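Reader: I'm new to reading structures, and I would like a close look at one thing, the salt bridges. Please take me through them step by step, in plain words.

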Amino acid sequence: MTYPLTLRARAETEAARFPPLLARAEQLAGTVLLGEHGRRRAGQGDDFWQYRPVQQGDPMRMIDWRRSARSDAQFVREREWQIAQSVMLWVDQAASMRFASDAKVPEKSDRARLLALAVAVLLVRGGERVGLTGTALPPRRGNQQLLRLAEMFALDDAADYGLPESRAMIPQARAMFVSDFLSDFAPVEAALTKAADRGVRGALVQVLDPSEEAFPFQGRTIFQSMGGTLAHETLKAGDLRGRYLERLAARKAALADLCAATGWQYHCHHTHTSAQSALLWIWQSLGRGGGI
Amino acid sequence: MIFGPIGFATPALLLGLLVLPILWLILRAVPPAPIRRRFPAVALLLGLKDDASVTDRTPWWLLLLRMLAVAAVIIGLAGPVLNPQADRQPSSQPLLLVLDGGWAGAQDWTGRAELLDRMLAEAGRDARSVAVLRLSTPEDVSLQSADLWRGRVAGLSPQPWMPTPEMIDRAIAGLPDGSFETHWFTDGLDYDGRDAMLAALEARGTVRVFASGRSPLALLPATYRDGVLRIAVQRAEAGPALDLTVAAHGLDPAGASRILANLPITFDAGDTVAETEASLPAELRARITRFEIEGLRSAGAVALSDDSLSRREVALIAGREDREGLELLSPLHYLRQALAPNADLLTGALRDVLPANPDVIILADVASLSPNEEAELLEWTEQGGLLLRFAGPRLAASEVSRTEEHPLMPVRLRAGGRSVGGAMSWGDPKSLAPFTEDSPFFGLTVPADVTVSAQVMAQPDPTLADRVIAQLTDGTPLVTRKAIGQGQVVLMHVTANAEWSSLPLSGLFVRMLDRLAVSSLGQQTDGAELDGTTWQPVQVLDGLGRVQDAQTMAGVNGAMLLTAALGPELRPGLYDGGDRRIARNTLSADTVMQPADWPGRIPVEGFARAPETPLTGYLLAGALLLLLGDVIASLALSGRLSGAKAAAVLVAALLALPQDSAAQQQAGNDDFAIAATSELRLGHIMTGDRRLDDMALAGLRGLSETLFFRTSVEPAEPMSVNLETDEIGLFPFLYWPITPDQPTPSVEAYEKLNRYLRSGGMILFDTRDADVAGFGTASPNGRKLQQLAEPLDIPALEPLPQDHVLTRTFYLLQDFPGRHNARDVWVEASPADAEQVEGMPFRNLNDGVTPVVIGGNDWAAAWAKDARGNALLPVGRGYAGERQRELAYRFGVNLLMHVLTGNYKSDQVHVPALLDRLGQ
């Protein structure tokens with residue numbers, strides 16, 4: 001299991017450059033799960049909130065004897081009420097993600113997993129609960145969860161193109177989908193609509209290889225998908241470029257429109273650019289709370 | 001089959017070119033194979049149609065490239081040859097290549113050798129058997145394959161003589177049976193036996209002659225007459241005007257060979273001899289060793305010079321100058337006549353003449369000299385002067401050398417002498433006995449009319465027999481000789497004029513003076529005078545005019561030396577005969593070179609021929625290049641080679657590395673200089689022997705640590721210095737271990753070293769061999785050191801004296817051991833005038849730090865420490881060994897103190913006196 005370990009280590013280093021990400025919770029009231037988001041009032045939590053005089057009904061063991069010894073009255077230490085947000089991740093594990101046009105450029109899936117786990121590290125460090133969409137790994141807190149996430153990310157999917165998992169979404173939670181979104185558009189649309197119906201907001205990160213953006217091909221070529229299920233032959237690849245780029249732009253526009261409609265954030269990331277910029281964007285978008 | 005300058009070996013193959021159009025059509029029809037690419041975004045491509053239904057065909061220029069490649073292969077295989085020799089009939093007859101092989105052919109030997117090689121190559125292509133015969137070194141002709149000969153031709157070189165009739169006879173005798181074709185490379189000079197050789201060769205087959213267009217040039221021996229040097233150049237055939245330069249080579253005062261004078265010389269059109277005159281100072285003239293025609297390489301273009309240019313200075317002193325007397329009775333008249341042509345004469349009082357340091361002093365009938373004169377004359381003789389004394393009435397009457405042998409006389413003399421054949425005596429005048437073999441006059445013929453009527457008589461002595469070098473028929477000594485120091489004194493027992501004998505009137509007198517080296521041999525020398533002497537070659541010329549050491553070549557009979565034809569036994573060169581040297585040159589003064597004339601039936605051709613060049617290789621290589629281009633173009637077309645990649649490959653190929661390395665070297669130099677100067681560092685010269693260099697570095701590290709702990713000198717880590725690339729001026733001290741196989745530094749490195757030594761640096765040379773053979777050349781390391789140090793500007797050396805400042809700069813030392821414990825360490829010699837002042841423990845040696853210290857004690861090995869400070873190598877045994885190591889460190893400390901403080905310690909002895917003078 002070296003791969004998850006190294007993946008986690010690299011994700012930690014990526015995440016170490018950011019302050020802990022405290023995702024702003026929008027509707028704290030609806031959630032009962034406790035976390036370290038201060039509610040600006042007394043409640044259960046770890047951080048000190050205030051001392052107050054003992055009132056009738058307070059059990060004796062709640063008295064803070066150290067404070068009480070300094071005066072005649074008895075005091076009770078109150079803690080701030082804290083709450084945690086749940087963030088669910090979906091990272092495309094399909095074969096189409098395992099593509100890199102050049103040895104110097106990482107595979108798309110590698111970049112996607114790195115980004116997702118970096119976000120997870122930031123969130124866990126901020127006290128949030130992180131998990132995967134679906135039922136495989138529900139959101140939990142703690143560093144142990146990061147290990148589990150890393151293990152889950154190490155699993156490859158045999159399918160040619162991945163479909164977003166939108167089952168078992170926790171209502172009002174946050175979500176992040178990372179994929180190349182080159183498959184059929186309809187399942188993506190369905191998944192996002194379903195998520196929006198449950199009040200889930202989030203970020204949609206499209207990871208593309210530079211060659212997918214530039215289409216630098218010439219001559220007679222047979223293009224095959226990574227799994228080999230799809231193929232297309234052309235006599236002059238150079239002539240296809242313009243039309244291919246139009247289609248790619250259309251797909252991006254469709255994704256952006258869909259995000260705008262569902263309250264999500266859309267970002268397109270290229271593997272030859274730095275992962276930091278993408279992480280920065282994700283941090284901002286999750287922190288902003290869906291950009292409403 | 002020949003098209004223009006190109007011929008084809010197998011023209012039928014050219015029909016293959018007809019296939020090209022068919023190939024064109026086939027290639028055109030087949031589109032390039034598709035590439036399979038993995039591409040996740042193929043989902044977006046689905047359903048896109050190609051614009052044009054035209055197949056992506058191979059473009060026309062790529063087709064053309066391929067066609068050209070195929071055409072080049074076809075044409076190349078058809079065997080094209082540039083400049084085919086149309087007249088060359090492939091013949092299977094054997095081919096004999098005859099070279100004169102003399103010095104006259106040396107001046108365009110390369111052209112000759114090239115043509116020879118080309119002919120051998122052609123013969124090899126025709127599978128003819130070949131032989132090469134040099135007439136100057138004839139041997140049996142063996143016909144062999146041409147390839148065998150091609151390997152040997154490179155080793156052929158011209159000989160410094162021309163073929164002689166004996167050689168021709170030998171060559172004719174060695175010719176093989178059967179008929180063969182002959183190619184004769186003539187040197188352009190005629191010689192005896194050439195016609196016979198030509199007849200013998202023509203009897204066997206056709207003969208073709210090859211001659212260079214240039215007529216051979218040769219330098220005649222330089223002569224000196226009437227105060228000017230005459231130099232003449234001869235050419236075999238009169239031609240157009242020609243300007244040449246003759247360089248006079250000789251030794252400069254430092255002993256290095258260099259050009260002393262350049263003399264322009266001009267052939268007028270139609271002349272065969274050109275002359276020039278030069279007036280050079282006597283000192284310069286005497287140093288000339290040879291003349292060379294600039295830009296010509298042949299033995300004929302070099303004329304060695306001998307004693308004839310350096311005239312000897314002879315001082316003539318007579319005891320009795322009869323100003324009033326008859327000129328013919330003057331004791332010096334005949335000597336003047338005999339010597340004037342080829343010696344510079346000095347006259348005057350003895351003490352005026354001696355400071356001029358003449359080669360010879362002749363005292364004619366001088367009996368007694370003043371004690372001062374006598375002492376000076378004796379000193380001059382002991383230093384190599386030749387004192388020649390003639391007897392006479394005064395000497396006979398005086399008491400000189402009567403009872404005791406006078407230091408300046410070879411024998412004791414009887415009183416009065418004797419007179420024979422006169423009016424008052426019974427006997428006839430005596431004649432000379434033939435000279436014995438051990439006499440310097442051996443070989444000279446004695447004319448019958450030379451008689452002696454009066455002489456001084458030698459007193460019989462045990463040593464007399466050894467000292468007689470000429471005697472009369474009755475056995476009385478006539479000439480006696482004695483060695484004094486490096487010089488000698490010779491007494492002629494007769495007068496220098498015709499009073500006592502007729503000897504001065506005869507030619508024998510002059511020749512005897514010659515033999516005594518009183519006068520140097522002039523141009524009038526002939527073989528007869530040298531008969532009976534043996535001359536040892538000192539330097540000889542090879543055919544290309546290079547001067548070589550004669551080494552162990554056999555001596556030559558004097559009779560042959562000047563007249564016999566040159567050959568393997570008598571090479572042109574410089575011959576030594578004891579007192580004198582004679583140069584035998586390729587041409588003697590009266591030689592006239594005759595151009596070789598060939599009969600009209602023999603075709604004479606020049607060397608220059610357009611070489612036959614087979615083009616197959618070029619065409620096939622071109623085809624390969626085209627196919628390579630095709631590979632790249634095909635890759636580019638099918639999209640397998642992206643533009644960026646191709647550009648990167650091209651740029652990488654084009655970027656020359658040297659710029660980078662120069663820049664790096666500059667940076668490296670700066671780093672080195674900063675590292676070397678930021679702190680005091682010791683350095684050692686890299687020898688290329690890894691182990692030795694490591695040891696030297698470790699040794700200097702040990703010494704640096706010792707200095708650090710014991711003295712206020714605190715050196716940093718030592719450095720290795722590369723003589724060729726590093727700046728050595730940054731180090732006050734360099735350690736140079738000697739190993740026999742280290743490379744000799746370049747000229748620039750030596751300049752650096754000399755600059756370093758002159759500007760105050762010190763080098764410690766360590767032969768590391770314990771100086772087992774005493775200081776010298778017996779060990780390989782010692783020889784290497786001599787070889788390395790020869791170009792260095794090193795002052796006179798002496799073994800380190802007891803009071804040298806090195807013995808007390810820090811520790812008081814008298815031994816300087818390293819790993820070995822040899823005593824001798826050599827340093828710059830102290831000045832001769834250094835004297836020990838009374839009351840001072842040391843001599844007054846104040847100035848200068850010795851630039852070199854030379855020894856063989858392997859100091860670095862004794863100093864060497866590893867990184868933890870442990871000694872690397874054992875020294876000696878037990879405590880005594882450790883003591884020796886300690887002394888080695890102390891020597892190192894003293895040495896560094898000497899380098900860094902100079903003679904400060906030497907000046908310390910004056911401190912009490914200085915303080916005293918200051919009144920404290």
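Author: Happy to! Let's begin with a term: helices here are DSSP runs of H or I with at least four residues, strands are runs of E with at least two, and both are numbered from the N terminus. This is a predicted model, where local features need pLDDT of at least 70 and side-chain atom pairs count only at pLDDT 80 or more, while totals for chains, interfaces and linings use all residues. Residues are numbered from 1 along each chain as its sequence is written, chains are lettered from A and ligands numbered from 1 in the order in which they are written, and side-chain values use heavy atoms, with hydrogens and water left out.

Side chains of opposite charge can pair when their charged atoms come close. To count as a salt bridge, a side-chain nitrogen of Lys or Arg must lie within 4 Å of a carboxyl oxygen of Asp or Glu. Over all chains, the structure holds 31 salt bridges.

Start inside one helix. B:Arg890 and B:Glu886 both sit in helix 23 of chain B (residues 878-901), four residues apart, which is about one turn of the helix. Their closest N and O atoms are 2.9 Å apart, in a salt bridge. B:Glu886 has a relative accessible area of 19%, so this residue is buried; the cut-offs are under 20% for buried, over 50% for exposed and in between for partly exposed (1.4 Å probe, protein chains only).

B:Asp117 and B:Arg150 form a salt bridge, with the closest N and O atoms 3.2 Å apart. B:Asp117 belongs to helix 4 (residues 109-125) and B:Arg150 to helix 5 (residues 146-153), both of chain B, and the two residues are 33 residues apart. B:Asp117 is partly exposed because its relative accessibility is 27%, and B:Arg150 is partly exposed as well, at 34%.

Finally, look where the chains meet. Between chain B and chain A there are zero salt bridges. What the two chains do have is nine residue pairs in polar contact, both residues at pLDDT 80 or more. A polar contact is a pair of N or O atoms within 3.5 Å; within protein, one must be able to donate a hydrogen and the other to accept it, and residues adjacent in sequence count only if both atoms are side-chain atoms.
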